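Subject: Structure for your reading

Dear colleague,

Please find below the structure that I would like to hand over to you.

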Amino acid sequence: MSETAGDFLMQRLTEWGIQRIFGYPGDGINGLISAIDRTEGKIDFIQVRHEEQAAFMASAHAKFTRELGVCLATSGPGAIHLLNGLYDAKMDHQPVLAIVGQASTMALGGSYQQEVDLNSLFKDVASEYCFTVSNPAAMRHVVDRAIRIAMATRSVTCVIVPKDVAEMEAIPNPGHIHNTVHTGVGFSYPRILPRDEDLQRAAAVLNEGSKVALLVGAGAMYATDEVIALADRLGAGAAKALLGKAVLPDDLPWVTGTIGLLGTRPSNDMMNECDTLLMIGSTFPYGEFLPKEGQARGVQIDVNGKNLSLRYPMEVNLPGDAGDTLRALLPLLIQKTDTSWRDRIASNREEWKEIDAKTAAVRAHPINPALLFLELSRRLPDNCILSGDAGTATNWLARYLQMRRGMKFALSGSLATMGPAVPYAIAAKFAYPDRVAIAMTGDGAMQMNGINELITVAKYWKRWSDPRIIFLILNNRDLNQVSWEMRVENGDPKFDASQDLPDFPYARYAELLGFKGIRVDEPKRIGAAWDEALSADRPVVIEAITDPDVSILPPHISFKQAKNLMTALVKDDPDRKGIIIEGTKEVLAEIFHGITHRH
Ligand SMILES: Cc1ncc(C[n+]2csc(CCOP(=O)(O)OP(=O)(O)O)c2C)c(N)n1
Ligand SMILES: [Mg+2]
């Protein structure tokens with residue numbers, strides 16, 4: 001058989017360095033699936049349970065490795081299923097290529113079986129590049145452009161391959177004639193630097209500040225050394241946006257941890273008190289946790305000029321790569337010698353540690369989720385890879401897990417969709433089979449899609465040199481994050497019909513799949529559960545029976561939020577008794593302490 005356009009596509013992907021595709025078959029892509037088979041292992045096809053998961057895995061691959069992630073789905077329903085995962089990648093600026101099938105060109109326009117207008121469907125999510133390969137001679141330039149544009153613009157791109165085109169004879173070179181396009185392979189990220197005069201202006205602002213606060217996000221992920229050197233030069237403190245949690249280790253005394261509703265009070269205080277803000281690689285959305293306008297002079301570094309002065313009116317806007325720009329800025333900065341600002345941050349951190357410990361020690365029915373994360377934090381293995389989900393697990397992990405150098409962390413940041421924790425951990429194991437992956441998620445997210453995706457783990461885990469992949473599931477029988485949001489944002493009580501979840505035996509189910517299943521319903525067993533999971537010779541599910549009445553609120557929430565919470569509780573909240581008596585006593589005391597302190 002001569003080479004098909006599908007074979008040529010796979011060969012081209014290989015030339016681009018792609019070794020793995022996450023996907024699910026269907027007759028709209030039969031010609032592509034069999035072409036993958038004919039690569040004889042050069043491209044590893046990872047079969048998921050649902051196409052959304054393939055897109056999450058492609059997104060996670062990009063987040064964890066800095067490489068392009070690739071997913072593949074059939075025409076119509078398969079393509080539609082990809083969308084949520086692709087939006088996750090788009091909104092967190094990850095390079096992902098989606099390859100989807102389409103009805104045959106002979107049938108297109110005929111309301112044919114599974115014919116969906118995919119160009120329109122993907123127009124927004126793949127707004128940088130989405131094209132149908134309508135002739136085998138176009139395969140080369142469409143795939144080359146889709147990959148290069150995804151990388152150059154850190155975006156999602158889409159290649160649509162009609163069924164018949166995939167099976168036609170390949171045309172690797174369109175010929176030296178009119179109406180042809182001649183593209184090539186290869187892309188490397190450039191050095192991206194602001195102009196010298198702008199660096200000088202930024203240095204002047206930073207040198208004049210005496211209380212400099214940094215806010216670092218995912219854009220600074222590969223600039224840890226540079227951020228530390230700059231912070232040391234300026235005597236600065238640093239807070240981390242959630243996606244930037246792995247940028248700085250938490251054992252540095254000037255690192256205040258995460259920021260915002262999922263953050264720490266030291267971060268909040270630092271932002272309230274600083275005179276200069278330097279934001280690096282972050283679009284952290286919640287302006288109320290940044291300094292008040294006019295309080296601080298601002299400098300921002302972002303690789304994408306579109307993101308500059310987006311959340312705070314900056315005095316100096318520096319379009320540039322974080323590492324490149326910080327290296328260029330450093331020689332212009334004067335060493336600060338006054339340590340009082342950092343001393344204040346460090347003592348604030350010590351106080352916060354006590355509050356964290358107190359929150360985790362609050363008695364709950366049966367398990368206080370904070371304690372699970374406190375105990376895990378003490379045991380995190382070197383180089384582990386962590387994933388979170390939309391749900392309260394992320395509040396706790398954001399606040400309690402102390403990162404060290406070499407660890408990785410990701411979740412769905414801007415889209416904040418439920419469902420990524422499990423597929424992210426799976427993608428991490430494929431990329432780094434020798435590292436421990438830990439997914440932290442809720443029962444709602446597990447019931448939405450995680451339970452199914454554990455079957456994918458059962459299919460593949462024996463391939464991984466270190467079999468440890470651990471799923472912590474907070475079984476609180478509640479869509480708890482939203483129950484709290486309704487109380488705090490709207491002052492509304494919990495509505496059982498929308499919030500209560502059915503129970504499910506997660507640990508027993510794990511055993512059925514051949515994993516270790518650990519059900520924890522006593523606080524004193526938490527440490528042992530983690531020890532057992534971390535020394536297991538197979539995947540592990542820790543099902544923790546957690547108390548939905550433990551407040552997820554950090555003690556620095558606003559007066560209005562605290563008031564809403566109180567209003568909800570005095571209304572008819574079905575859980576009011578548990579919340580008032582057990583869950584939030586400590587936190588409410590801290591809130592009102594904080595409020596009287598500030599007002
Ligand atoms: C796909 C999707 N649907 C709905 C939401 C809104 N949402 C955010 S968190 C959450 C509750 C998650 O519940 P669970 O997974 O049980 O975690 P918990 O908060 O209870 O710990 C919901 C419904 C979302 N973010 N994504
Ligand atoms: Mg839940």
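Pro366 is found in the loop that joins α12 to α13. The model is a predicted one, and in it the peptide bond leading from His365 to Pro366 is cis, with an omega near -15°. Arg66 sits in the loop between α3 (51-65) and β3 (69-73). For context, most residues other than glycine have a negative phi, and most peptide bonds are trans.

As to the overall layout, the protein is divided into domain 1 (5-167), domain 2 (196-347) and domain 3 (361-593). Between the C-alpha centres of domain 1 and domain 2 there are 38 Å.

I then turned to the packing of helices. Two packed helices are described by the angle between their axes and the distance between the axes.

Helix α10 covers residues 265-273 and helix α12 covers residues 340-361; their axes are 9 Å apart and the packing angle is about 150°. Angles over 145 degrees count as roughly antiparallel, and α10 and α12 are therefore roughly antiparallel to each other. The crossing in which α10 passes α12 is right-handed. On the α10 side the contact is made by Arg265, Pro266, Asp269 and Met270, and on the α12 side by Ile345, Asn348, Arg349 and Trp352. Sorted by class, this contact of α10 with α12 holds four nonpolar, one polar and three charged residues.

The next pair is α13 and α14. The axes of helix α13 (residues 369-379) and α14 cross at roughly 45° and come within 9 Å. For this reason α13 and α14 are oblique to each other. Here too a right-handed crossing is found, as α13 passes α14. Pro369, Ala370, Phe373, Leu374 and Ser377 of α13 meet Thr392, Trp396, Leu397 and Tyr400 of α14. The contact of α13 with α14 has seven nonpolar and two polar residues, and no charged ones.

The remaining pair brings together α3 and α15. The axes of α3 and helix α15 (residues 421-431) come within 8 Å, with a crossing angle of roughly 55°. That angle makes α3 oblique to α15. The crossing of α3 and α15 is right-handed. From α3, the residues Gln53, Phe56, Met57, Ala60, His61, Phe64 and Thr65 meet Pro423, Tyr424, Ile426, Ala427, Ala428 and Ala431 from α15. By class, there are ten nonpolar and three polar residues in the contact of α3 with α15, and no charged residues.

Finally, there is the ligand. Which residues come nearest to ligand 1? Of the 18 residues around ligand 1, these are Gly391, Gly442, Gly444, Asn480 and Gln481. The elements that supply two or more residues to this shell are α14 (392-400), α16 (443-460) and α17 (480-490). By class, the shell around ligand 1 consists of eight nonpolar, eight polar and two charged residues.

With kind regards,
A colleague

Definitions and conventions:
Residues are numbered from 1 along each chain as its sequence is written. Chains are lettered from A and ligands numbered from 1 in the order in which they are written. This is a predicted model: local features need pLDDT of at least 70, side-chain atom pairs count only at pLDDT 80 or more; totals for chains, interfaces and linings use all residues. A residue is near a molecule or strand if its C-beta atom, placed from the backbone, lies within 6 Å of it. Helices (H or I, at least four residues) and strands (E, at least two) are DSSP runs, numbered from the N terminus. Ala, Val, Leu, Ile, Met, Phe, Trp, Tyr, Cys and Pro count as nonpolar, Asp, Glu, Lys and Arg as charged, and the others, Gly among them, as polar. Axes are lines fitted to C-alpha atoms, for helices over the stretch in contact, and angles run from 0 to 180 degrees between N-to-C directions. Angles under 35 degrees count as roughly parallel, over 145 as roughly antiparallel, 65 to 115 as roughly perpendicular and the rest as oblique. A crossing is left-handed if the near helix is turned anticlockwise from the far one by less than a right angle, and right-handed if clockwise. Two residues are in contact if their C-beta atoms, placed from the backbone, lie within 7 Å. Domain bounds come from an automatic or database domain assignment.
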